[in-house]
Amino acid sequence: MLSRNLRFLSRRYSQGVTFRTTETSPSQQNENQIGLFYTVNNDVCKQLFGHGGLPKSYMKQTKTFTETSLMVRLPALDIINCIKATDFDKPVIRYMLYGEIGAGKSLTLAHLLHYAYEDGYLIVHVPWVSEWLRRVPRHKEMSNSPTHEGLVDLPLDGAAWLLHFKMQNQVLLKKGNLKISKEYVWSKREQTPEGAPLAELIEHGITRVKYACDVIDALISEIKILSNSKQCKTFVAIDGFNTFFYPLTRLSTPTKKKVTPEEVTLTKSFMELTKNDWVNGVIILTADQLGVSQDHQESHLPKYLLYKKGFEHIDPFVPVEVGRYSEREFMSCASYYRDRLWLRGPRETEGELKLASACNPYKFMELCAPL
Amino acid sequence: MFLCYNKMSFAIKLTLKQALPIASRSSIILQNVYNYSSKATSQDNFYNNFTDWETLSKKKKVSKAMRAYLERAKEHDEFMKKQQFEYNIGKRHLANMMGEDPETFTQKDVDRAVEYLFPSGIYDRAARPLMKPPEEVFPARKAAEFDEAGWPHHFLFYTGKPNFFKLLYDITENIQDLYKYGDKVIRKKEVTDEKLLLNITGSVWLTKDQLEQLLVETVTDLEYDNFKLAMDRLVSLPHSHIYKDFIEKFRKPLATQRFALEIPKPSYDENGNAFVTTYECLRKKARGDVTIKSPGTGKITINGQDLTYFEDTQSREQVIFPLIFTGMQDKVDIVCNIEGGGPSGQSGAIRWGIAWGLRSFVDKDMLEAMQLAGLLTRDHRRRERKKPGQPGARKKPTWKRR
Amino acid sequence: MSNFRYKVGPIAKCVFQTQSPRSNLWCTLMQYRFYPRPTSFPDYFQNPIFRKEDQAKLIESNELTKLAALPVKPPAAYETSSVYHDPLVSKLINHVMKMGNKKLARNLVEKAFENIKRIQIERYHLATTPEEKAKVVLNPKDILHKAVENSKPLLQLLPIKRGGITYQVPGPITEKRSLFLAIKWLLEATNDKERTIHFPEQFAWELLDAANNTGKVVKRKQDIHRQCEANRAYAHYRWQ
């Protein structure tokens with residue numbers, strides 16, 4: 001067993017020179033490691049991405065490759081450097097990741113999440129907005145919101161998200177430094193007093209699904225206060241932000257009336273969060289074509305995807321383009337696939353694959369699949 | 001002559017009229033008859049003449065078929081002469097109309113003139129106005145197949161297609177000869193020279209229509225297949241080079257090596273980079289043009305977009321195919337404009353365009369390899385039209401036995 | 001009987017040479033007419049040889065120049081010279097295709113290969129010793145070849161009528177027909193699947209089973225062989 005491990009490790013080392021890096025901490029990575037793969041620890045992975053966060057196709061790959069590894073790419077490094085250099089007394093900076101379908105926006109976001117986790121940020125991560133607004137099974141449980149008039153609530157989704165939040169921020173919540181500033185009365189018999197730890201608020205939201213969305217509202221205002229008072233630094237990551245501004249959702253009220261995103265309480269909460277009236281935090285958003293319906297997928301640029309309202313809402317922001325693979329990144333990815341036994345065949349085929357996939361990461365993965 | 005005629009009995013007159021060929025009522029024959037009727041007895045003349053009864057009896061039996069044939073032949077000859085005359089006059093008129101010299105007016109000039117004076121939008125070339133020498137326009141007819149008495153000249157006349165069956169007979173004869181020759185060679189243990197072997201690549205057998213033209217007879221499909229089989233058998237024998245001329249008569253050489261002629265020289269743009277443009281890239285309904293720039297990096301631009309213009313893998317593979325085949329994937333840049341058709345048609349058109357343009361940048365061996373791979377063949381296939389009475393182009397309504 | 005009428009059509013000439021608006025209109029009108037063109041190439045066109053290995057063979061035997069002088073058909077829309085192209089895979093995709101939907105067929109077959117790959121990689125990682133690891137076949141195309149080979153029947157039963165009774169007589173089978181039957185049986189076995197299981201998954205399982213000489217398809221082939229063996233006595237009926 002030991003000998004096999006040694007053999008394994010030695011093989012890895014000899015091959016790891018070309019496409020792997022042993023630098024597993026995102027905060028320590030620099031330009032030398034662009035195009036190289038680093039492995040994320042399994043526990044960290046489960047904690048961060050237990051309830052989504054990584055694309056489904058990528059999850060399948062993790063299972064096949066028996067490891068989760070991300071490629072270090074230029075957009076992620078740029079943002080990390082910017083974050084390191086920000087002045088946290090100024091209002092939050094919003095970064096917008098955009099790119100073609102399959103360019104790697106969600107995985108870049110995952111990379112940044114890993115960095116945030118290591119650096120001890122409080123993570124607010126929405127894995128995929130369309131999940132709430134557009135992935136509607138036969139009947140989506142909706143209820144009319146008790147606090148906000150005329151708006152619709154998604155209690156189950158809210159509760160699921162709170163669970164996700166809890167898991168991501170286990171460490172910070174266990175420390176118990178974060179306390180809520182005011183009292184919340186949910187009903188005659190339920191209330192969360194002032195000064196109670198954040199964890200309690202979240203627990204309440206998870207157990208009492210009915211109040212989940214209100215809990216989210218409360219949570220967000222608490223987070224803003226805490227950040228402003230420098231008790232914690234916050235990292236907000238929302239994948240598929242443009243779905244909030246698309247005119248339609250797939251939800252419909254029992255009266256068969258279509259619901260717009262503005263009528264959903266969750267939208268409102270996250271709009272609150274993404275306003276830049278608070279300090280000591282970072283907001284990263286993605287604009288994804290797959291979040292909207294096929295007819296409106298003409299362009300991948302943020303101005304087109306966000307519509308006027310969204311653009312005005314997050315203006316000013318820093319757009320970051322996530323592009324296709326460069327030469328070096330492509331070769332490194334191909335070597336990685338070979339190592340993981342995903343790609344076989346003679347070396348010349350890489351040229352063909354490069355041309356056929358046009359260096360799009362997702363397309364490349366798809367093309368390698370049957371080979 | 002006139003006097004003799006009057007003296008003859010009526011019966012003889014009749015037989016004379018029947019017997020004698022129309023064109024040749026010469027005095028010599030009449031003199032013979034005269035000799036007969038006046039009981040010529042001179043010894044020398046006797047042996048010069050045929051036995052007169054036999055001659056008469058022979059000449060009597062001009063068969064009806066012969067007579068009919070003679071009439072038809074005469075008509076045809078007159079007709080052809082008239083046509084030839086008209087054709088020549090017409091040619092001179094045309095030359096005058098076009099303002100050119102009538103003496104040196106060739107057939108090509110005639111065609112050009114007709115196309116200019118009578119422009120036609122009809123697609124079928126056979127239906128457009130044409131002016132050609134009457135031998136080409138009117139089908140050939142056979143010469144006299146039987147002589148005056150009705151005896152056929154050809155020994156296979158009664159098969160109905162003497163020329164065709166003579167051909168098959170020749171082939172079989174040649175095959176038998178080659179067998180004997182082969183046996184002789186083996187007995188003598190001679191070694192055949194390799195260079196004499198027949199090379200039939202680059203040519204095909206004549207088509208049925210061409211064979212019909214050559215033999216001046218109709219040939220059915222079955223007979224044509226038989227002919228091809230027999231010729232193939234002949235060619236496959238080891239010493240078939242002996243009958244090379246015979247075989248060459250029935251082989252048509254294919255139009256080849258077109259891909260190697262007229263390779264365009266690359267033009268140079270401002271920076272001194274070489275580029276070649278291929279216009280008229282067609283496949284199904286797609287039309288476009290492809291520009292290949294020589295010192296390049298493997299960038300492909302289609303209608304302003306990247307290779308992502310095609311979403312499906314198959315089209316992309318088709319576009320890349322010629323580049324990978326020649327190994328020029330990172331040595332050239334490609335810019336194309338395409339419209340019409342669907343993804344398959346457009347990618348096929350681009351593939352041909354790239355291959356055709358790469359001819360200027362590739363050496364001779366690779367050129368031959370490309371031709372062998374079929375990359376340089378223009379794909380002329382189009383969608384077959386639906387026919388009336390059928391649901392589709394080939395699909396027929398349900399077949400009912402009764 | 002020749003099925004094509006070769007007439008030179010000046011549609012392309014129309015489009016590119018005439019410039020005046022009136023003739024453009026005429027040309028666009030002409031474009032919609034289905035002018036009779038050949039729908040297949042004449043007999044004397046040779047089949048294209050575009051795979052690098054086949055061309056290498058020809059270069060060795062010095063026949064390249066001769067063959068390049070002949071007219072050659074263009075390769076089909078799904079054939080490339082890349083290493084990943086396999087004629088058996090193309091044939092399989094054609095058999096899977098329904099109503100001319102090649103995209104979907106290709107997608108399904110590729111997903112099936114992906115599934116095979118994933119299953120095999122899992123087995124590879126589970127295998128402990130290097131010998132076992134070496135036995136696991138990772139290339140899905142190899143598995144396909146093996147599966148088809150294992151499910152090809154060697155004889156077929158021909159119904160021959162003698163004296164009013166139709167006997168099932170064992171007889172020879174051509175290569176082509178045997179391949180066709182193998183692919184057909186594989187697809188039939190895949191299509192008898194549960195409603196909730198998708199085609200690629202079921203197909204992947206069938207292929208893996210067949211490559212292992214187990215499973216429904218191989219059983220069917222063995223049934224045929226057994227019947228042929230049982231009906232050996234009637235074999236002479238083919239020649240009566």
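How many residue pairs are in polar contact between chain B and chain A? The count is three residue pairs, both residues being at pLDDT 80 or more; a polar contact is a pair of N or O atoms within 3.5 Å, where within protein one atom must be able to donate a hydrogen and the other to accept it, and residues adjacent in sequence count only if both atoms are side-chain atoms. The model is predicted, so local features need pLDDT of at least 70 and side-chain atom pairs count only at pLDDT 80 or more, while totals for chains, interfaces and linings use all residues. Residues are numbered from 1 along each chain as its sequence is written, chains are lettered from A and ligands numbered from 1 in the order in which they are written, and side-chain values use heavy atoms, with hydrogens and water left out.

Eleven residues of chain B are in contact with nine residues of chain A, contact meaning heavy atoms within 4.5 Å. The size of an interface is often given as the accessible area lost when the parts come together. Here the two chains bury about 840 Å² between them, with 61% of it on carbon and sulfur atoms; buried area is the accessible area (1.4 Å probe) that two parts lose on being put together, summed over both. One salt bridge is counted between chain B and chain A, where a salt bridge is a side-chain nitrogen of Lys or Arg within 4 Å of a carboxyl oxygen of Asp or Glu. This salt bridge pairs B:D306 with A:R324, and the closest N and O atoms are 2.6 Å apart. On the side of chain B that touches chain A, helix α13 (residues 313-326) of chain B supplies the largest share, four residues. Helices (H or I, at least four residues) and strands (E, at least two) are DSSP runs, numbered from the N terminus. By class, that side of chain B has four nonpolar, four polar and three charged residues; Ala, Val, Leu, Ile, Met, Phe, Trp, Tyr, Cys and Pro count as nonpolar, Asp, Glu, Lys and Arg as charged, and the others, Gly among them, as polar.

Chain B contains 15 helices and seven strands. Of its 402 residues, 34% count as buried, the term buried meaning under 20% relative accessible area, exposed over 50%, and partly exposed in between (1.4 Å probe, protein chains only). The accessible surface of chain B comes to about 26,000 Å², of which 55% belongs to carbon and sulfur atoms; accessible areas come from the Shrake-Rupley method with a 1.4 Å probe, and for residues only the protein chains shown count as cover. Within helix α6 (residues 64-98) of chain B lies B:A95, which is buried at 0% relative accessibility. Residues up to four places away in sequence being left out, B:A95 touches B:E100, B:D101, B:P102 and B:F105.

In chain C, the secondary structure comprises eleven helices and two strands, which follow one another along the sequence as α-α-α-α-α-α-α-α-β-β-α-α-α. Buried residues account for 43% of the 240 residues in chain C. The loop between α10 (199-211) and α11 (216-230) of chain C holds C:N213, a residue other than glycine with a positive phi near 65°. C:N213 is partly exposed, with a relative accessible area of 42%.

Over all chains, 38 salt bridges are found. In chain A, one of these joins A:E329 and A:R73 (3.5 Å, N to O). Because A:E329 lies in helix α13 (residues 327-339) of chain A and A:R73 in the loop between β2 (68-71) and α4 (74-85) of chain A, the pair ties together parts that are 256 residues apart in sequence. A:E329 is buried at 5% relative accessibility, and A:R73 is buried with a relative accessible area of 9%. A further salt bridge links A:D89 and A:K230, the closest N and O atoms being 2.3 Å apart. A:D89 counts as exposed at 54% relative accessibility, whereas A:K230 is partly exposed, with a relative accessible area of 43%. The side chains of A:D277 and A:K224 also meet in a salt bridge (3.2 Å, N to O). Salt bridges that share partners join A:K224, A:E272, A:K275 and A:D277 into one network.
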